[in-house]
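Morning, everyone. I have one structure to walk through, and I will keep it quick. Please look at the screen.

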Amino acid sequence: IVLFIIGRLMSFIRKLNCPWTSSLLPPELGSLDVAIAKRARFDGDAIESASRDFGKLFQAKPSAVLYPSSVNDIVSLVKLSYDSPFPFTIAARGRGHSVRGQAMAQNGVVVEMTSLKKNGSVSRVFQNPNGLGFCADVGGEELWIDVLMGSLEHGFAPASWTDYLYLTVGGTLSNAGISGQSFLHGPQITNVFEMDVVTGKGEFVTCSKHTNSNLFYAVLGGLGQFGIITRARIALDKAPNRVKWVRMLYHDFLTFTRDQEHLISINGLDYVEGSLIMDKSTPNNWRSSFFSPCDQSKIASLITKHGIIYCLEVVKYYGDLTVNTVDEEVGRLIEGLSFLPGFIFKKDDSFVDFLNRVRSGELKLQAKGLWDVPHPWLNLFVPKSRIMDFNEGVFVNILHKQNIASGPILVYPMNRNKWDDRMSAAVPDEEIFYSVGLLLSSEENDWKALENQNKEILGFCAKAGIKVKQYLPHYRTKEDWMNHFGSKWEIFQERKIQFDPKMILSPGQRIFSSV
Ligand code: FAD
């Protein structure tokens, strides 16, 4: 097997004309011990699948794909590159649910993290040794849906979520991991106590706020630049059984945001989000089917009248002890809100179905062949002080006027004090900022119009002096990255030199290389 792999590799290298490129994947790859050599694939299918992502906008072919069976395989691979005079790039790939090639490695090696997956993700829930509360150790390759189901077996669940659960722990912790719970618990990165990380030097390091803290803070929100997360100890709460789920409609953006900001300032709700409803982004898109056909026709007439409708969405968790009081409690929490009279819609759902709400929409779209299509997404954090200008300039004057946007458009506020500035993630410099997600999709060859629209939106923000930060960022120049990280840029660079001095990891982010 080893000889076969070496042969394949050598023939691949011989095919390359450029000596520099050929040195990216050194013949030493074949000298790995039998265990890891067996785990590498060079065939077209493996290369093809690792050169695509959810966005379907970018493609970058790796030279090999590693399917590790243990963390040691990853350590060996990174060490091999680090010790080589011609290091090759390595990208950990969770589910490849990035949209702009962030998990790709042109001519390098992609590590398919999910091949580490064991059965039964959360085998143990325990009291956090460093403080109050409960936690669980989960693999960086785990999907959040598995973490949920595993922790529920013990009566617990993670505190902080993403809207969609078929993402990996390592992938979301490399960004931030945000959803309607972030206003209360912070993003997923602030709900981690400890991690095991393979650095760009091939060192296996356990880190936390107290031990190897520089690596801990670097990796969280670090866009895969400093190490490959192989284990995370995450915060859990007692899991509720069910949720009360309420959506309220507005036509006035000021009133909508004022109510959202009020709700994230009080105690009581477990989830606060919001979205736009316009002609093309129908009330029931893939995020969930919430409105009945009768509600939908009522909403359609509102859209005809006002153009854009804003939908505020809240959730209160409950269990056996609060089943008799939860309706009253929700009533009290939303008392005084100024939604359009008669446009309040309520649903009672199981906790799991609520958290896993995007999945049913995904399956429906998959059945129609509409899931595996281009996704030119744009996610922004917008400072509260400019959200009204953003609404006017982007929602009203670009998205609504152009009317080419199809897919969910999210807008909801978060509290900056729930983020930790020592972590790599970059957010606006204001106490409250909004997460705006333009989660648009297009037909196969039709995404350029949406990309142009994205450019127009960023151009508008730059011209109007709205200091947005991209979430799941994608920039092309060093200046843009410096601007993105702002005062954190220097430390980001220093950490890169400390933990991945040969610029091996996550080249698809295009921060330190143009790969
Ligand atoms: P990948 O795309 O595979 O990787 C992302 C980056 O992380 C790459 O640079 C990769 O090299 C690196 N990486 C991957 N694994 C590791 C690891 N173990 N250690 C270190 N680096 C690693 N995000 C939210 O915050 N909230 C949401 O509600 C949300 N909803 C989404 C819904 C859908 C349908 C989709 C497609 C995406 C959504 N996202 C959301 C974005 C998601 O967080 C990112 O795509 C993220 O990258 C996770 O995807 P992934 O696990 O497939 O990681």
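Start with strand 15. Leu378, Leu380 and Val382 point one way from the strand, while Asn379, Phe381 and Pro383 point the other way, and all are buried. Buried means 20 or more other C-beta atoms within 10 Å of the residue's own, with C-beta atoms placed from the backbone; exposed means 12 or fewer, and partly exposed is in between. In a regular strand the side chains alternate between the two faces of the sheet.

Some ground rules. This is a predicted model: local features need pLDDT of at least 70, side-chain atom pairs count only at pLDDT 80 or more, and totals for chains, interfaces and linings use all residues. Residues are numbered from 1 along each chain as its sequence is written. Helices (H or I, at least four residues) and strands (E, at least two) are DSSP runs, numbered from the N terminus. Two strands pair if DSSP finds at least two bridges between them.

Now, what does strand 15 pair with? Strand 17, residues 432-438, runs antiparallel to strand 15 and is joined to it by 6 bridges. There, Phe381 has Ser435 as its bridge partner. Strand 18, residues 469-471, is also antiparallel to strand 15, with 3 bridges. In that pair, Leu380 bridges to Gln470.

Next, the whole chain. Its secondary structure comes to 18 helices and 18 strands. Of its 515 residues, 47% count as buried. A compact globule with 515 residues would have a radius of gyration near 24 Å; this chain has 23 Å, so the two agree. That radius is taken over C-alpha atoms, and the globule rule is 2.2 Å times the number of residues to the power 0.38.

The chain is divided into domain 1 (2-115), domain 2 (125-238) and domain 3 (242-471). Those bounds come from an automatic or database domain assignment. Between domains 1 and 3, 5 residues of domain 1 contact 6 residues of domain 3. Contact means C-beta atoms, placed from the backbone, within 7 Å. The domain 1 side divides into 3 nonpolar, 1 polar and 1 charged. For classes, Ala, Val, Leu, Ile, Met, Phe, Trp, Tyr, Cys and Pro count as nonpolar, Asp, Glu, Lys and Arg as charged, and the others, Gly among them, as polar.

On to the ligand. Which residues come nearest? Of the 35 residues around the ligand, they are Gly94, His97, Asp163, Gly170 and Gly171. Near means a C-beta atom, placed from the backbone, within 6 Å. Strand 3, helix 7 (169-173) and strand 10 (227-238) are the elements that give two or more residues to this shell. By class, the shell has 13 nonpolar, 19 polar and 3 charged residues. Domain 1 and domain 2 each supply at least three residues.

Strand 3 also sits in a sheet. That sheet is open, has 4 strands in the order 1-2-4-3, and its pairing is mixed. Strand 1 (40-41) and strand 3 (90-93) are the edges, each pairing on one side only. Strand 2 (residues 64-66) and strand 4 (residues 109-112) run parallel, joined by 3 bridges. Val65 bridges to Val110 in strand 4.

Last stop, helix 6, residues 144-152. Its buried residues are Trp144, Asp146, Val147, Leu148, Gly150 and Ser151.

Definitions and conventions: Contact = placed C-beta atoms within 7 Å.
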